[in-house]
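Subject: Structure for your review

Dear colleague,

Please find the structure below, handed over for your work. My notes on what was found in it follow directly after.

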Amino acid sequence: MKSSLKWLGVLTTIVMLFILIGGALVTKTNSGMGCGRSWPLCNGQLIPEEISFELVIELSHRLVSGAGGLMVLLLSVMSWRKIGHIREARFLSIISFGFLVLQGLIGAAAVIWSQSDFVLALHFGISLISFASVLLLTLLIFEVDKKFEAEKLIVDKRMRFHITGILIFSLLVVYTGALVRHTESSLICKDWPLCGNGNLFLPTNIYEWIQMGHRSIAGIIFFWVSYATFLAHKHYKHQKVIYGGWNVAFILVFLQVTAGAFIIFSRQNLYIALAHALFIACFFGVMSYLLLLTTRSRKNALLIEKDNKVSTINDQDVNVSSPTIPAR
């Protein structure tokens, strides 16, 4: 049973990644209305009669999302039963399926009733949280934490702040990036990193503000991750999972920023745009795992503190029960 659960975890994680990339593909190709104002059917038909490129993209995304939803539900139920003794397993099971359902409802509402770009931009972030939850659940199933003795891991307060802060801030990066896509602001600025368009300072319209706001926030997280990686190199070489995790996070955020620049240089090449979405998904997954480790670190620190107190009390008891024999 454990082997089948591992396979299910891996396949579900891959499918969730396809759902994320598929959502970005739908937005980039303007295929959101490929099936008309009909959901879950396509143009009110189970099998559409008229086939178009946009219809294929949208319908494929719906089918993959539906299959992914069933797989996440099955993974959540099986994980609850088989590894529910792990304290994070049940929480992740609820989050992974709950956020996937929420993502589907927002997508359905956008098709049936239409939504503002600011609401639609939430779609990718919600999917990202569901993907990260499935990824973490899969890592727990494989008992990855036991391979580097996570029960001995200690992360100081400063590093916990950077991990938590960057993870939360990355959601703002994701939201503003999705807003750029939904408002079709990707090429409103012709240059990079500055907007250009003859303006060296403040943007002149809402679309330039959205684009440059996203670039500024992405720049902040790049330098923030760079600093945290420097701290990991300086203080955490002995903690291989923290050290390696920050190295991977830095590489992914560097690729993310680079892909963002090449979207402008290539005039919105589709493959680069999809890679842009892939890199942020992987980065969010890595940061989520580091956050999971910080929760283990707090527990470990409390246990060590408790053991030290018990050891001190025992030493005091030994001293009291063994009085010093006076010299003659």
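I begin with the disulfide between C189 and C195: the torsion about its S-S bond is about -85°, so this disulfide is left-handed. The two sulfur atoms are 2.0 Å apart, and both C189 and C195 are buried. Please bear in mind throughout that the model is predicted.

The structure contains two disulfides. The other one links C35 to C42, with an S to S distance of 2.0 Å. For C35 and C42 the S-S torsion is about -85°, and this disulfide is therefore left-handed. C35 and C42 are both buried. When the bonded cysteines of the protein chain are numbered in sequence order, the pairing reads 1-2, 3-4.

Turning to charged side chains, one salt bridge is present in the structure. The partners are R62 and E58, whose closest N and O atoms are 2.9 Å apart. Both residues belong to helix α2, which spans residues 53-82. Within helix α2, R62 and E58 are four residues apart, about one turn of the helix.

With kind regards

Technical notes
Residues numbered from 1 in each chain as written. Predicted model: local features only at pLDDT ≥ 70, side-chain atom pairs only at ≥ 80, totals over all residues. Heavy atoms only, no water. Salt bridge = Lys/Arg side-chain N within 4 Å of Asp/Glu carboxyl O. Helix = DSSP H or I, 4+ residues; strand = E, 2+ residues; numbered from the N terminus. Disulfide = S-S within 2.5 Å. Buried < 20%, exposed > 50% of the residue type's maximum accessible area, 1.4 Å probe, protein only.
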